[in-house]
Amino acid sequence: ACCRGEQDTGRHKANLATYTQDRRAYEHWSDGDFNQSNRLMGEYHKHAASYLCPNGCGNTAKMTADHIGPISLGFAHRPKFNALCNSCNSTKNNRMSLSDVQQLIQDEQAGEQVVSWHSKPIWDALKGLVESNQDAVKLSRLMATNMQQVLPILAEVYEQTGSEYLTRYLRPEYAFQDHRFTGFHPLEPEKLVTITKPLDSKNKQKNAERYVRISFEELERFTSKTNRRVKSSTSDEVEREVTEVVAAVKAGLNEKADSHLLRALTILAEQAKHSW
Ligand SMILES: [Zn+2]
Ligand SMILES: [Zn+2]
């Protein structure tokens with residue numbers, strides 16, 4: 001699956017596609033270098049040659065980039081993708097397979113950050129239970145639900161305290177580095193060389209501001225004004241922690257707020273484990 005929705009390559013739709021791709025990359029309050037990941041995805045996009053799809057579907061086609069752990073399930077942006085034909089990528093959508101989960105666990109054991117801060121508790125609680133493709137789909141569904149509970153929680157904190165506290169969870173500095181690649185081949189990721197250099201142009205400043213703005217605009221979709229917030233989906237226990245987060249932020253105690261926020265996320269993870 002791809003957070004960019006880049007399948008539509010029509011030139012006349014390029015502006016809309018860019019708009020959508022950025023929003024979708026920013027809306028999940030994800031960890032990881034969104035900029036580097038985005039640039040590498042562009043390499044897949046530019047690479048026109050066709051290959052036999054590694055997924056075994058039999059198609060020979062242009063390769064597309066599959067986030068192994070989907071951003072919309074709470075995984076982090078990473079400069080690492082699996083090549084899939086467009087058809088397999090669309091079919092996968094946001095459902096992980098057993099091999100996706102195994103690869104994520106392996107990458108994590110090798111020291112990579114694969115999951116975002118808000119979804120680490122549920123990932124840690126459930127990843128060890130996945131033994132089949134069916135389990136991997138179940139984990140995907142529970143992580144998608146978790147994400148849909150996390151965003152309203154952040155929205156409530158935003159509504160009650162403003163943007164200052166939550167901005168600590170965003171990483172606008174990723175917009176200040178530029179990444180170029182040599183040796184890109186969709187099926188030979190080990191040959192990729194990444195050249196990173198700092199940039200501080202006005203343009204990059206704009207990108208950083210846009211990233212922060214869009215992240216908060218996404219939360220506004222869940223605030224009470226727009227009526228999207230579904231209180232009944234979070235338990236009283238979680239609500240109590242969120243109340244503590246708000247109180248701590250208002251008292252200027254950010255670390256205390258962090259620990260109550262983590263507690264809320266941990267309760268959500270425990271609830272998901274009960275329903276496994
Ligand atoms: Zn994507
Ligand atoms: Zn395929």
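# Close-up views of a predicted model

**View 1. Two cysteines, C57 and C88.** C57 counts as partly exposed because its relative accessibility is 36%, where buried means under 20% relative accessible area, exposed means over 50% and partly exposed lies in between (1.4 Å probe, protein chains only). C88 counts as buried, at 10% relative accessibility. With a disulfide taken as a pair of cysteine sulfur atoms within 2.5 Å, the count comes to zero disulfides.

This is a predicted model, in which local features need pLDDT of at least 70 and side-chain atom pairs count only at pLDDT 80 or more, while totals for chains, interfaces and linings use all residues. Residues are numbered from 1 along each chain as its sequence is written, chains are lettered from A and ligands numbered from 1 in the order in which they are written, and side-chain values use heavy atoms, with hydrogens and water left out.

**View 2. The crossing of helices α6 and α8.** The axes of helix α6 (residues 133-161) and helix α8 (residues 202-220) cross at roughly 100° and come within 8 Å; this makes α6 roughly perpendicular to α8, a term for angles of 65 to 115 degrees, with those under 35 roughly parallel, those over 145 roughly antiparallel and the rest oblique. Axes are lines fitted to C-alpha atoms, for helices over the stretch in contact, and angles run from 0 to 180 degrees between N-to-C directions. Helices (H or I, at least four residues) and strands (E, at least two) are DSSP runs numbered from the N terminus.

**View 3. The residues where α6 meets α8.** On the α6 side, L151, L154, A155 and Y158 meet F216, L219 and E220 of α8, contact meaning heavy atoms within 4.5 Å. By class, this contact has six nonpolar residues, no polar ones and one charged residue.

**View 4. The salt bridge between R78 and D107.** The side chains of R78 and D107 meet in a salt bridge (2.9 Å, N to O), defined as a side-chain nitrogen of Lys or Arg within 4 Å of a carboxyl oxygen of Asp or Glu. R78 lies in the loop between β2 (60-67) and β3 (81-85) and D107 in helix α4 (residues 98-109), so the pair ties together parts that are 29 residues apart in sequence. R78 is buried at 6% relative accessibility, and D107 is buried at 7%. A network of salt bridges links R78, K80, D107 and E112.

**View 5. The salt bridge between R221 and E218.** The side chains of R221 and E218 meet at 2.8 Å, N to O; R221 is partly exposed, with a relative accessible area of 34%, whereas E218 is buried, at 6%.

How values were computed:
Nonpolar A, V, L, I, M, F, W, Y, C, P; charged D, E, K, R; others polar.
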